[in-house]
Amino acid sequence: MPADPMSPTSVTRLSITLSFLDWVLPASGLKVGFRASDKRNQFFATTAELSDWLITQDALGETVYHACASYKVAGSRKASNVHLVKSLWLDVDAGEEKDA
């Protein structure tokens, strides 16, 4: 059974998730959530809508992610459709198994 969306824990999770998304995503452009089970992108006008969707899907047991850019139009996450990027990322892998 999904968690009660108005419980103190759920409200806190929503607030923390929304704060994080506001911190890393551009204010304008469409935001994107990705659900692993059906490999589909969901486009949202606001970080609040994306945050709510992510929390709801997670409560249903889904594995979900957010895109790191905003987009011009719904339907594509191709580079040609990127509206803005607010943050830069670095993926550093280390350890003996990794190439130097």
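1. The largest nonpolar core of this predicted model has seven residues, namely Leu 21, Val 24, Leu 25, Phe 44, Leu 50, Trp 53 and Leu 54. Here a nonpolar core is a set of buried Ala, Val, Leu, Ile, Met, Phe, Trp, Tyr and Cys residues joined through side-chain atoms within 4.5 Å, and buried means under 20% relative accessible area, exposed over 50%, and partly exposed in between, with a 1.4 Å probe and protein chains only. Helix 1 (8-24) and helix 2 (47-59) each supply at least two residues of this core, and helix 2 gives the most, with three residues.

2. On the basis of the model: it is predicted, so that local features need pLDDT of at least 70 and side-chain atom pairs count only at pLDDT 80 or more, while totals for chains, interfaces and linings use all residues. Residues are numbered from 1 along each chain as its sequence is written, and side-chain values use heavy atoms, with hydrogens and water left out.

3. The secondary structure of the protein chain comes to two helices and five strands, which run α-β-β-α-β-β-β from the N terminus on; helices (H or I, at least four residues) and strands (E, at least two) are DSSP runs, numbered from the N terminus.

4. Helix 2 has 13 residues and reaches 18 Å from its first C-alpha to its last, close to the 18 Å expected at 1.5 Å a residue, where the expected span is 1.5 Å times one less than the number of residues. Its buried residues are Thr 47, Leu 50, Ser 51, Trp 53, Leu 54, Ile 55 and Gln 57, and just after this helix Gly 61 takes a positive phi of about 90 degrees.

5. Phe 44, a member of the core, is in contact (heavy atoms within 4.5 Å) with Gly 29, Leu 30, Lys 31, Gly 33, Glu 49, Leu 50 and Trp 53, leaving aside its neighbours within four places in sequence.

6. Which residue forms a salt bridge with Asp 38? The partner is Arg 35, and the closest N and O atoms are 3.0 Å apart; a salt bridge is a side-chain nitrogen of Lys or Arg within 4 Å of a carboxyl oxygen of Asp or Glu, and by this rule the count comes to one. Asp 38 counts as partly exposed because its relative accessibility is 33%, whereas Arg 35, at 15%, counts as buried.

7. Leu 88, in the segment after strand 5 (82-84), counts as exposed because its relative accessibility is 82%.
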